[in-house]
Amino acid sequence: MNKIISIRDAFGRAIANEGKKNKKILAISIDLKGACKLSYFFKDFPNRSFEVGIAEANAIGIATGLSFDGFRPFVASFGSFLTGKNTEIRNSICYNNASVVVVGTHCGLIGSDGATQSALQDLSIMRSMPYFEVFQPCTPLDTKEIIKYVCKSKKPTYLRIARNEIPEFLNKNYKFKIGIPNEIIKGKKKLIISSGAMVYNCFKAIKELKKSNYGLLNISSIKPLNIKSLISKLKNYNKVITVEDHSVEGGLGSIISEVIAENNLNIKLKNHGLKNGFIDSDIPDNLEKEYSMDVKSLKKIFLNF
Amino acid sequence: MKNSEDLKELRVKIIKSIQNTDSGHLGPSFSCLEILYVIIKKFINFRKKDRNKIILSKGHAAPAIYAIFDHLNLLKKNELKTLRRFNSRLQGHPDKKKLKILDFGTGALGQGLSVSIGYSLSSKLLNKKNFIFCLLGDGELQEGQIWEAAMYIGSKKIKNIVTFIDGNKFQNEFSIKDTLKEENLKGKWESFGFKYLETDGHSIKKLEKIIKDITNYKYKKPVVVYCNTTKGKGVSFMEGNNKYHSVKKLPLNEFNKALKELNEYE
C-alpha cells in the first residue's frame, strides 16, 4: 500500500499540480498556508500566491476582485473561520457570482485545538449559498479528482477538506462525477451514507461486519446533487443511516431527509452526527469514541438500527 | 455641455427615478454625485478593454451611478424608470450579474476596498496599467474590513487604487459624530501608510485636478481623498437633513419644490 497521506496534503499537492497547467489558478493564504497545505503552491508559484495576513474578510474580497479578470483564486483557511464570514461570502462572492474557491480545512473531529478551530456548521452554511458548488472528498484520490474538476469550473465553490490521514480505499479507476453519489459497497436492506473523512470509518465498520450485507454510499458532491441518481440507489434499501462529522442540523443528514421526504420514499432514516454544535478538545481517536464515530461505535449503531 | 448643466440634469434624473419607484437613497446619492461624475466621465473609457475601474462600495448610492450611466448612454432608453423593479438591471443596490458594466455589486458596506485590491493584483499579474477608484461612505469607515484592506494597501504600497471618502457627515440614523468618534481620520490613514488629501467633494475642478495628479503618480504612497460633501446637496431643504437619507415617495409639493430648485442649481 502507498504511504498514507492526509486529505489536506492531497489537496495541497493537487492544486500545485493543476497550477502547472492552469496559469489562472491563484492561492490566497490567511496566515495558515502551512496548516492548509497551500504551502506547496506558494513554493512552486510565488508570483501567483498572496499572503494577506490574519484578515479573512479582506481575503474573500481580494479573491473576488481577482476572479473578475478571469483568475481562479483558492482562498484557504480553517473552515470555521472562513465560513464564519457569512456576509462577505454571501455579498462579495455569491451576489457577484464570482469564480472563487473557498477552501475550509480542519473540519469535524480535528483534535486538541477544540471547537473554535473546527468547522462543524460549514456545510449547512455553504450549501445555502446561491450559485455555490460544495464538495467534500473522502480519500486522496477523490481529492485529486475533485480538484481537477474545480480548477476547470468557473463556479463559486466550497471545498471541505479534512486533516485526517486516510489510506486510499477507492478503486484505482475511480472517477469523480459531478452530482453523482458513489456506491462504494453494494448491499441490501441497510445503506450507510457518509461524506468526507467519516466514509473510511464507515467502510471499515461494514467490512468488519462481515455478513452484514450493508451498502456504503459516499457523497462527495454535496451540491449539486443528482437527485435521480441518489434515489435510484436509495430505492434498493429500506433503512438508511447517515454518518457525518458535522452538525446534524443542515448537513448530510438533512440533505438525505429532504430527499426522502420530498420524494415520498418508504425508508427508515437515522441521522448520526454532531448534536448541538461544539466538540471538546482531545486527540482525534478519543473524540471519535466520545462522539460515537469510531469503528466500534459505528458497528453498534449500524446493527441496532 | 457644461459640467454644471450635466450635474443639474443628473440630479433631476436621480430624484425622478426615486420618485417614480417610490423609494431610494436620495441624500447620499446627491452627496457623492460630483465624485462619481468626475471619476466615471473623465477617467473611465468604457470602450477600452483595460479600462480603469469604479467600485461604489457605498452601494446605496446606486441611483447616482445609474443616472451617470444613463447620461453616458450606457443604459437602455427609459431604463431609469425600471429602478428597484422586478427583473430590472437597476436593482435597489448595484447587481453586477444583471448590469454587467458594473465592476462590483455592492450593498453590504465595507467590502469594496478589498475587491479593489483584488483588481489591483490582477492588473499586476496581467501587466495592465489601470487605476481602481473606490468610493467609500464616511459612515462605512466604521466597518472593520475597511481597515483590513487599508492595512494591506498601505503595507504593499499599492498605488493604482485611489480611495475616496464621501464625507457627508451622516450615516443611516444619525450624524457620524453622534454615532462614533471619527477623530483624526488623517492620522488614522497616514498611520496605515496612505497619503491623505482633503478636498471639496462638489468641486469638479478640484476633483479633476486631484485625480490627474494621482494618476500621474505625483504621490509616492497610496492615496485616500477625503471629500467634504453635503448630504442632499442641491436641494436647500434636503441639505444636511438626514430625513432624506432614504426616502419614500416625496409629497408632491416637496418634489416640485426640489425640481424647481434643481433646475436653478448652479
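**Conventions for all views.** Helices (H or I, at least four residues) and strands (E, at least two) are DSSP runs, numbered from the N terminus. This is a predicted model: local features need pLDDT of at least 70, side-chain atom pairs count only at pLDDT 80 or more, and totals for chains, interfaces and linings use all residues. Residues are numbered from 1 along each chain as its sequence is written, while chains are lettered from A and ligands numbered from 1 in the order in which they are written.

**View 1. Chain A as a whole has 13 helices and 14 strands.** Its radius of gyration, taken over C-alpha atoms, is 18 Å. The C-alpha atoms fill a box of roughly 55 × 40 × 40 Å along the principal axes. Of the 305 residues, 52% are buried, that is, 20 or more other C-beta atoms lie within 10 Å of their own, with C-beta atoms placed from the backbone.

**View 2. Domain 1 meets domain 2 in chain A.** Domain 1 spans 5–166 and domain 2 spans 182–304; such bounds come from an automatic or database domain assignment. Their C-alpha centres lie 25 Å apart. In all, 29 residues of domain 1 are in contact with 30 of domain 2 (contact: C-beta atoms, placed from the backbone, within 7 Å). On the domain 1 side, α7 (122–126), β6 (133–135) and α8 (140–152) of chain A each supply at least two residues. β6(A) gives the most, with three residues. By class, this side has 15 nonpolar, nine polar and five charged residues. Ala, Val, Leu, Ile, Met, Phe, Trp, Tyr, Cys and Pro count as nonpolar, Asp, Glu, Lys and Arg as charged, and the others, Gly among them, as polar.

**View 3. Five strands of chain A form an open, mixed sheet.** The order is β9-β11-β10-β13-β14. Strands pair if DSSP finds at least two bridges between them. β9 (182–185) and β14 (268–274) are the edge strands, each pairing on one side only. The twist averages 25° from one strand to the next. Six bridges join β10 (189–194) to β13 (237–247), and these two run parallel. One bridge pairs A:S194 with A:V243 in β13(A). Helix α11 (252–262) lies across β10, β13 and β14, at about 150° to β13(A). Axes are lines fitted to C-alpha atoms, for helices over the stretch in contact, and angles run from 0 to 180 degrees between N-to-C directions.

**View 4. Chain A touches chain B.** The contact takes 21 residues from chain A and 20 from chain B. On the chain B side, α5 (112–125) and α6 (144–156) each supply at least two residues. The largest share, eight residues, comes from α5(B). Helix α6 (86–94) of chain A has buried residues including A:I89 and A:I93. The buried residues of α6(A) pack against α4 (56–68) and β5 (101–105) of chain A, together with α5 of chain B.

View 5. Most residues other than glycine have a negative phi, and most peptide bonds are trans. The bond from A:K223 to A:P224 is cis, with omega near 5°.

Conventions: Contact = placed C-beta atoms within 7 Å. Rg over C-alpha atoms; globule rule 2.2 N^0.38 Å. Buried ≥ 20, exposed ≤ 12 C-beta atoms within 10 Å, placed from the backbone.
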